[in-house]
Amino acid sequence: MDFTLTDETGQDLNPEGDGWTLGEYGGYILVEQEVIELFNTAQKSPDTLTIGVQFNDIKGKGGSWKLDVPIDMKKAKEVAKTVAINREYTSPQGVVVKLDKLTNVPSNSLLSLTTSWNEQRKKEYQSMAENASGELGDYLNRHSLAYEILDENGKLLAGRDDTVLDSLNGIRKNAVTITTKGEGDSDAMMWRWWDGFTPFADQKKVTFKLHSIYMNELATFQGKLSLDALSKQPVTVESSGSRFTFHKFHLKTNDQQEKIAGRYEVRNKGGIIEFEALLPKDIIYITEWSATDETGKTYRVSMDNGDGEYVRDQDGRVRIKSALYINGLEKQPKELTISYAIQERQYRDVDMEVPIQLGN
């Protein structure tokens, strides 16, 4: 099938033909096309959109079929209220946050923004990437954020937070995931975001407040474990500011599904080590694990990140109680050196507050 999207004058609004997705739902073909990227404001969208569908085969029967479906946009445009913001801030880490606009419709409040690196940060990334191979370099090119939308009394109306779990900051609120989108240009090191929330258009004024910037960095943690010693008592390792206590190592000797730490499901043979950890100040997430035995053989390791317990101490440091699964480990080695290569740091030294006037 071929699809087109035109305005009332017949102009093709999507000449590249990109963005159409097809899926099956209840015996029907469900077709979706995001139009938010095609219009900068509600005023620029046409009064009528026409979707054209053309295909030349139905179950092996050739032919030519075409269907035009007009969509009246006038009512949607009447209730859409867009507030231009156009405010930009550069964090001390070199992350540029630019608020574009806020669009309110009866079902949604949609904040449009972009994030990017400044020139200094681009140079720093390129230098770091030279010392990191493959996927590790991709991690270093990523950043994420957390922000709050506050009412006139400072009460939290909505919030985005890119941490692993809500409990770390407690500001993620009222997100509408179906209207939350993002796209990135890794070469330009720029990302565009459309964050949807349950509507707050009844407010006269709201304030955007940047809470945190998150950035990945290379980690150097290594913990050498004697598995004989670990079978008798827990082993504590301190490395690179982290403190890990490993315990309860055992081999999974079959291919049946098993839950480790009561949560994370694994199927293949391998080794399982439960642990508790205290991460360095401002580090909130760790990933890219590996394990190497005394012969130099390296194994892929996965951590129960999804359901692992992440909590903050009173001093703000993050504690984890979770488990590692060492894939393919079929017999107990004498030693294992456990390491992770990437850690995510949270920066709170940001200062961006933008008032947004919604009504009189």
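Visitor: Hi! Leaving aside its neighbours within four places in sequence, what is phenylalanine 246 in contact with?

Guide: Phenylalanine 246 is in contact with Phe221, Leu225, Leu230, Pro234, Val235, Val237, Ile273, Glu274, Phe275 and Leu324. Contact means heavy atoms within 4.5 Å. This is a predicted model, where local features need pLDDT of at least 70 and side-chain atom pairs count only at pLDDT 80 or more, while totals for chains, interfaces and linings use all residues. Residues are numbered from 1 along each chain as its sequence is written, and side-chain values use heavy atoms, with hydrogens and water left out.

Visitor: Which residues touch the most other members of the largest nonpolar core?

Guide: Leu225, Phe244, Phe246, Ile273, Ile286 and Trp289 do, out of 38 residues in that core. Strand β20 (residues 283-293) gives the most to this core, with six residues. A nonpolar core here is a set of buried Ala, Val, Leu, Ile, Met, Phe, Trp, Tyr and Cys residues joined through side-chain atoms within 4.5 Å. Strands are DSSP runs of E with at least two residues, helices are runs of H or I with at least four, and both are numbered from the N terminus.

Visitor: Okay, new topic. Is aspartate 195 buried or exposed?

Guide: Aspartate 195 counts as buried because its relative accessibility is 3%. Buried means under 20% relative accessible area, exposed over 50%, and partly exposed in between (1.4 Å probe, protein chains only). Aspartate 195 is found in strand β12 (residues 190-197).

Visitor: Which side chain does the aspartate 195 side chain make a polar contact with?

Guide: That of arginine 160, at 3.0 Å. A polar contact is a pair of N or O atoms within 3.5 Å; within protein, one must be able to donate a hydrogen and the other to accept it, and residues adjacent in sequence count only if both atoms are side-chain atoms.

Visitor: And where is histidine 143?

Guide: Histidine 143 is in strand β9 (residues 143-150). With 9% relative accessibility, histidine 143 counts as buried too. A polar contact of 2.9 Å joins its side chain to that of threonine 115.

Visitor: Which residues does histidine 143 touch, not counting those up to four places away in sequence?

Guide: Those are Val95, Thr115, Ser116, Trp117, Trp191, Tyr214 and Met215.

Visitor: Nice. Which residues does aspartate 195 touch, on that basis?

Guide: Not counting residues up to four places away in sequence, aspartate 195 touches Ser109, Leu110, Leu111, Leu113, Tyr147, Arg160 and Thr180.
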